Protein chains: 2
Amino acid sequence: MFEFIPPGTRFHSLPSPFAMKYGKELHSARIAFETWGTLNENRDNAILIATGLSPNAHAASHDNNPAPGWWEAMLGPGKPIDTRQWFVICVNSLGSCKGSTGPASIDPSTGQPYRLTFPELSIEDVAETAFDVVRGLEIEQLACVIGNSMGGMTALALLLLHPDIARTHINVSGSAQALPFSIAIRSLQREAIRLDPLWNHGHYDETSYPAAGMRIARKLGVITYRSSLEWDGRFSRIRLESDHPDEDPFGLEFQIESYLEGHARRFIYQFDPNCYLYLSRSMDWFDLAEYADGNIMAGLAKVKVKKALTLGARTDILFPVQQQEQIAEGLRIAGAESTFIGMDSPQGHDAFLVDIARFGSAIGNFLNDL
Amino acid sequence: MFEFIPPGTRFHSLPSPFAMKYGKELHSARIAFETWGTLNENRDNAILIATGLSPNAHAASHDNNPAPGWWEAMLGPGKPIDTRQWFVICVNSLGSCKGSTGPASIDPSTGQPYRLTFPELSIEDVAETAFDVVRGLEIEQLACVIGNSMGGMTALALLLLHPDIARTHINVSGSAQALPFSIAIRSLQREAIRLDPLWNHGHYDETSYPAAGMRIARKLGVITYRSSLEWDGRFSRIRLESDHPDEDPFGLEFQIESYLEGHARRFIYQFDPNCYLYLSRSMDWFDLAEYADGNIMAGLAKVKVKKALTLGARTDILFPVQQQEQIAEGLRIAGAESTFIGMDSPQGHDAFLVDIARFGSAIGNFLNDL
């Protein structure tokens, strides 16, 4: 129903049934992915990218879809992730609405969308499906797994569950467990959707859609994805040209409000609300400490890679840089040659998408040294 | 209608008509206030407290209302604001629903609540009404004006508009202008209320009330009033005793969610939604730079006091400590003996309400030295 699949997407069929962490199983499920570059003869130059909550698998343009991707400046010939050297795979997360099976997909047993009958989704499930895509491409070991934001969680889960799946790891603005501030933000985003009467316990359609809830959820997302430092410089107190342009006494007045409104409008009808709820909750549940009797450093110490780079922005309030320092330290304890770089990017959690000068050079240097 | 007036509240009648900054006027309006201690013969031992958005004038217990106030630990005999020495006045803001005239009050010209016909409200209006209360008590000059959060804005406006009204000033977690991150948060809180169909353009009542919008607004408030640092230590990933206690698949699961829910439930029906909208917007509009051709430091330089103390918490994301540093610097340029103290309190913007060890000793020391 509300699925949004870019042209040129490829699909991988998951084993059927596919068992989920919390006990249920999926039938005839699939994962959307895209690739760039060429797998070499040894099949050892592959890089996997695990994404944040909302992106599709279209990280960058390619012959089958020339539209710019969400990491266009990072990925391509001569770019930091250089597709002349690497075979790059980006997977759309299980539970998403961008081509992979999720709550907006048709349940083959009923012929109707899953909606809230979709099984409880975990980050580990997302990781297992990415693993299955890699195996489906007949790749024994990745040169590197890169994960951004939620994808940083997915990558850690993948490395923990499949210790030999990758030689190296780049964790970008990720975390090894959800902490209460980010849980609070995500819980409130979900509540805004659930409180919208048009959400209707997941039974919305094109004519009756929880746009108000999605609007609040997205604006709250954007507020926590950026930083006050960036906005002080970018928007300050600049007003829109006419006060109260929509003739509403409490309507848009400042540029910052118009910026949030633009982001919301581009998102509301481009992401399925139920998928949003499932993916958001999977992040709250994620905790590597589960695998080590509640000890997060011991959990990280079970993640085996030869070499790791962990990056974060010092202005990130959603995945604060202390969480990336923790990942780097844990991987060092686990035996990796592990580097942490905290960036002075003003753009907060989203810095990896826009501050390519800082994030691109760090990632490019790491990959060039492999 | 939705007015909540503590017992023992006193009232001051404003001049009628009372002219508002943005051009309209109020008739037969009043301000709620409470006092502690005794005004001395010289009438020069008075301290005025200007509050944040939501508090009433009941800052502490007194004979006419023994219930603890919102700053109980700060104010009283032998406490940092020692009522054996000082005559303390706390005013409820114009536009509030705690006894002062506001959108929930009856418009004498119609006999109906003002709702959205209440005039556009500014921080300067709040300051002018506080000034009128002080004059009504026949006080020529205050020993000190103390403002917290929004009250820090009110205090600066009062000092700018009435240069001799106070000898000294304590600004607590305030700011001299609203910046885009806090505007974004408040704008989203207002939007959550406005998007609730039961808000009905301000025409709600007891049986049809925008509880969902108020719930989202309040939870977002609490998230930005505290800090991730405090919550990491206090809540971590602790779960409620039973998962999904309300049998809702996306219901409360973590302690942090239950904490937010408790705060929301205590607030939703205790604060009038229209009053919330008006007071919230008045903060977005506040900008001392308006008085100095857009130069914030020049605006602050027009605020005349002999001695000033500016306090803030380093974990405050809503009124970041840089804004308190700016106030202190501006008052120094203006000629005050001006001190800034950035506290390492973990509790964020709310630290002044709970970290009495730090904030109380700073305020007590400053007042003792007068």
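**Close-up views of the two-chain model**

**Figure 1. The S13–S14 pairing in chain B.** B:Ala313 stands opposite B:Met343 in S14(B). The model shown here and in the other figures is predicted. The two strands concerned, strand S13 (residues 307-313) of chain B and S14(B), run parallel and are joined by seven bridges. Helix H9 (residues 321-333) of chain B lies across S13 and S14 of chain B, and also across strand S12 (166-172). The direction of H9(B) is at about 170° to S13(B).

**Figure 2. The sheet of chain B.** Eight strands of chain B form an open sheet with mixed pairing, in the order S1-S4-S8-S5-S11-S12-S13-S14. Strand S1 (10-13) and strand S14 (337-343) of chain B are the edge strands; each has a single partner strand, so one side of each lacks a neighbour in the sheet. From one strand to the next the twist averages 20°. Helix H1 (residues 123-136) of chain B packs on this sheet and touches S1, strand S4 (30-36), strand S5 (46-50), strand S8 (87-91) and strand S11 (142-148) of chain B. The directions of H1(B) and S8(B) make an angle of about 145°.

Figure 3. In chain A an open sheet of eight strands with mixed pairing has the order S1-S4-S8-S5-S11-S12-S13-S14. At its edges are strand S1 (10-13) and S14 of chain A, each with a single partner strand, so each has one side without a neighbour in the sheet. Helix H1 (residues 123-136) of chain A lies across S1, S4, strand S5 (46-50), S8 and strand S11 (142-148) of chain A, and its direction is at about 145° to S8(A). Helix H2 (residues 150-161) of chain A lies across S5, S11 and S12 of chain A, running at about 140° to S11(A).

**Figure 4. Strand S8 of chain A and its two partners.** On one side, strand S4 (residues 30-36) of chain A is joined to strand S8 (residues 87-91) of chain A by four bridges, and the two run antiparallel. Within S8(A), A:Val91 is the residue opposite A:Phe33. S5(A) also pairs with S8(A), in the parallel sense and over five bridges. A:Ile49 has A:Cys90 in S8(A) as its bridge partner. Five of the five residues of S8(A) are buried. Both faces of S8(A) are covered, with A:Phe87, A:Ile89 and A:Val91 on one side and A:Val88 and A:Cys90 on the other.

**Figure 5. Helix H9 of chain A and its surroundings.** Helix H9 (residues 321-333) of chain A has 13 residues, which at 1.5 Å a residue should span 18 Å; the end C-alpha atoms are 19 Å apart, which agrees. Its buried residues are A:Gln323, A:Gln324, A:Gln326, A:Ile327, A:Ala328, A:Gly330 and A:Leu331. The cover over these buried residues includes strand S12 (166-172), helix H8 (296-300), strand S13 (307-313) and strand S14 (337-343) of chain A. Just after H9(A), A:Gly335 has a positive phi of about 110°.

**Figure 6. A:Asn365 in helix H11 of chain A.** A:Asn365 is placed in helix H11 (residues 356-368) of chain A. It has 13 C-beta neighbours inside 10 Å and therefore counts as partly exposed. A:Asn365 and A:Ile81 are 284 residues apart along the chain, while their C-alpha atoms are separated by 9.6 Å.

**Figure 7. The contact between chains A and B.** Chain A gives 37 residues to the contact and chain B gives 38 residues. On the side of chain A that touches chain B, the elements giving two or more residues are helix H3 (180-195), helix H4 (211-225), helix H5 (228-234), helix H6 (255-268) and helix H7 (273-285) of chain A. H3(A) gives the most, with 12 residues. The residues on this side of chain A comprise 24 nonpolar, four polar and nine charged.

**Figure 8. Chain A as a whole.** Chain A has 11 helices and 14 strands. Its C-alpha atoms fill a box of roughly 65 × 50 × 45 Å along the principal axes. A compact globule of 370 residues would have a radius of gyration near 21 Å, and the 20 Å of chain A agrees with this. Of the 370 residues in chain A, 56% are buried. Among contacts in chain A between residues at least 6 apart in sequence, 70% join residues at least 24 apart.

How values were computed
Residues are numbered from 1 along each chain as its sequence is written. Chains are lettered from A and ligands numbered from 1 in the order in which they are written. This is a predicted model: local features need pLDDT of at least 70, side-chain atom pairs count only at pLDDT 80 or more; totals for chains, interfaces and linings use all residues. Two residues are in contact if their C-beta atoms, placed from the backbone, lie within 7 Å. Ala, Val, Leu, Ile, Met, Phe, Trp, Tyr, Cys and Pro count as nonpolar, Asp, Glu, Lys and Arg as charged, and the others, Gly among them, as polar. The radius of gyration is taken over C-alpha atoms; the globule rule is 2.2 Å times the number of residues to the power 0.38. A residue is buried if 20 or more other C-beta atoms lie within 10 Å of its own, exposed if 12 or fewer, and partly exposed in between; C-beta atoms are placed from the backbone. The expected span of a helix is 1.5 Å times one less than its number of residues. Two strands pair if DSSP finds at least two bridges between them. Axes are lines fitted to C-alpha atoms, for helices over the stretch in contact, and angles run from 0 to 180 degrees between N-to-C directions.
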